[in-house]
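Dear colleague,

Please find below the structure that I am handing over to you, together with its sequence. My notes on what was found in it follow directly after.

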Amino acid sequence: MHRLVFRLPEMDEQPAPIVIVVLGPPGAGKGTQSSLLANLLRIPHISIGNLLRWHARDESEVGVRLRGMMALGQLVPDTLVLDVLATRISEPDCTRGLILDGFPRTLKQAELLARGLLKSPFYANNLGENLVALHLRVQQDTIVGRLSGRRICSRCSATYHLESQPPRVTGECDFDGSALTVREDDRNATVLKRLHIYQQETAPILSHYAEKASLLEIDGEQPQENIAQELFMALQSMLRVSMVGAKSARNVQSTLDDNL
Ligand code: AP5
């Protein structure tokens, strides 16, 4: 069951863009749920980690530095994160809203978001105004099991798990047939470091959003489809005005079946 702490928005005539911030420790299922929700709500899933990993492939000085920081599980400097994010949210698919997976990750980033630092031609107001934060709660043992079994597509970044979400053909991505790989930062020692950084830097954001009455708590230990359904239903009743264009509740199960 989730604990819902949210202030219902006023009924607007025009649907306002929504910003869904997905929070939780490494391996909580942020990417998995963001991707399912993006499909259900028809708004883009913006994974800061994936964007940074894409930049880290570059052989430039920045790319090499980025690779090193991410392999060690360290946070990347704000200037780079904000630059990458601002570029992405200025793309046309963000008009109706977006799902932010991996941002904010510090109180400072949360404040920057609330202060409207991330400006986009699509948002008259600042991005923090119509925001819901989701928190996926999971135990440390679960995290270790999930990250040790995670595999990602080397080309499109689709995520799999050796047990809970295996690919149709062993070692190959269902979407493009590319090789599946282990993320550099999923090695045991780095996972522990990432968990430590999460507790120090990111966990305090939860009370920040709870105080603003925009936090939705979800039990992330459940099967993926149960979490997605619970999130979708809760969001639909909270943000019904903003969710014009989202799939109807009737179609949720069939969409989940297609995606899992
Ligand atoms: P990022 O890529 O965002 O990593 P993370 O936050 O550590 O989260 P993960 O991607 O590891 O896990 P997830 O919660 O998305 O879980 P997933 O759905 O894959 O960031 C990486 C790095 O980038 C950071 O360390 C930092 O260096 C940098 N960075 C990013 N954002 C930054 C920022 N704002 N500022 C500064 N630096 C930043 O699921 C995990 C596994 O579990 C999968 O195999 C999946 O199939 C499986 N699974 C998921 N849900 C379930 C379920 N319900 N039941 C069973 N298995 C499940």
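How many helices and how many strands does the chain have? The chain has 10 helices and nine strands; here helices (H or I, at least four residues) and strands (E, at least two) are DSSP runs, numbered from the N terminus.

Two remarks on the source come before the findings. This is a predicted model, in which local features need pLDDT of at least 70 and side-chain atom pairs count only at pLDDT 80 or more, while totals for chains, interfaces and linings use all residues. Residues are numbered from 1 along each chain as its sequence is written, and side-chain values use heavy atoms, with hydrogens and water left out.

The chain as a whole

Of the 260 residues, 47% count as buried; buried means under 20% relative accessible area, exposed over 50%, and partly exposed in between (1.4 Å probe, protein chains only). The chain exposes about 13200 Å², of which carbon and sulfur atoms supply 51%; accessible areas come from the Shrake-Rupley method with a 1.4 Å probe, and for residues only the protein chains shown count as cover. Among contacts in the chain with a separation of 6 or more, residues 24 or more positions apart account for 72%, where contact means heavy atoms within 4.5 Å.

Strand E2 (residues 18–23) has six of its six residues buried, so it is largely enclosed by the rest of the structure. In a regular strand the side chains alternate between the two faces of the sheet. In E2, Ile18, Ile20 and Val22 point one way, Val19, Val21 and Leu23 point the other way, and all are buried.

Which strands pair with E2? Five bridges join E2 to strand E4 (residues 97–101) in a parallel arrangement; two strands pair if DSSP finds at least two bridges between them. Ile18 stands opposite Gly97 in E4. E2 also pairs in the parallel sense with strand E5 (residues 131–137), over five bridges, and there Val19 stands opposite Leu131.

E5 is in turn joined to strand E9 by five bridges, and these two run parallel. His135 has Glu217 of E9 opposite it. Five of the six residues of E9 (residues 214–219) are buried, so this strand too is largely enclosed by the rest of the structure.

The open sheet

An open sheet of three strands has the order E7-E6-E8, with antiparallel pairing. Strand E7 (159–161) and strand E8 (180–181) stand at the edges with a single partner strand each, so one side of each is left without a neighbour in the sheet. Three bridges pair strand E6 (residues 150–153) with E7 in the antiparallel sense, and Arg150 has His161 in E7 as its bridge partner. Helix H6 (residues 140–148) packs on the sheet, touching E6 and E7, and its direction makes about 40° with that of E6.

Helix packing

Two packed helices are described by the angle between their axes and the distance between the axes. In what follows, axes are lines fitted to C-alpha atoms, for helices over the stretch in contact, and angles run from 0 to 180 degrees between N-to-C directions.

The axes of helix H2 (residues 48–56) and helix H3 (residues 61–71) come within 8 Å and cross at roughly 130°. H2 and H3 are therefore oblique to each other; angles under 35 degrees count as roughly parallel, over 145 as roughly antiparallel, 65 to 115 as roughly perpendicular and the rest as oblique. Gly49, Leu52, Arg53, His55 and Ala56 of H2 make the contact with Gly63, Leu66, Arg67 and Met70 of H3.

Leu66, in helix H3, is buried with a relative accessible area of 0%. Not counting residues up to four places away in sequence, Leu66 touches Leu52, His55, Ala56, Val76 and Leu80.

Backbone features

Most residues other than glycine have a negative phi, and most peptide bonds are trans. The peptide bond from Phe103 to Pro104 is cis, with omega near 0°, and Pro104 is found in the loop between E4 and helix H5 (107–114). Arg42, which is not a glycine, has a positive phi of about 60°; this residue is in the loop between helix H1 (30–41) and strand E3 (45–47). Ser157 has a positive phi of about 70° and is placed in the loop between E6 and E7.

With kind regards
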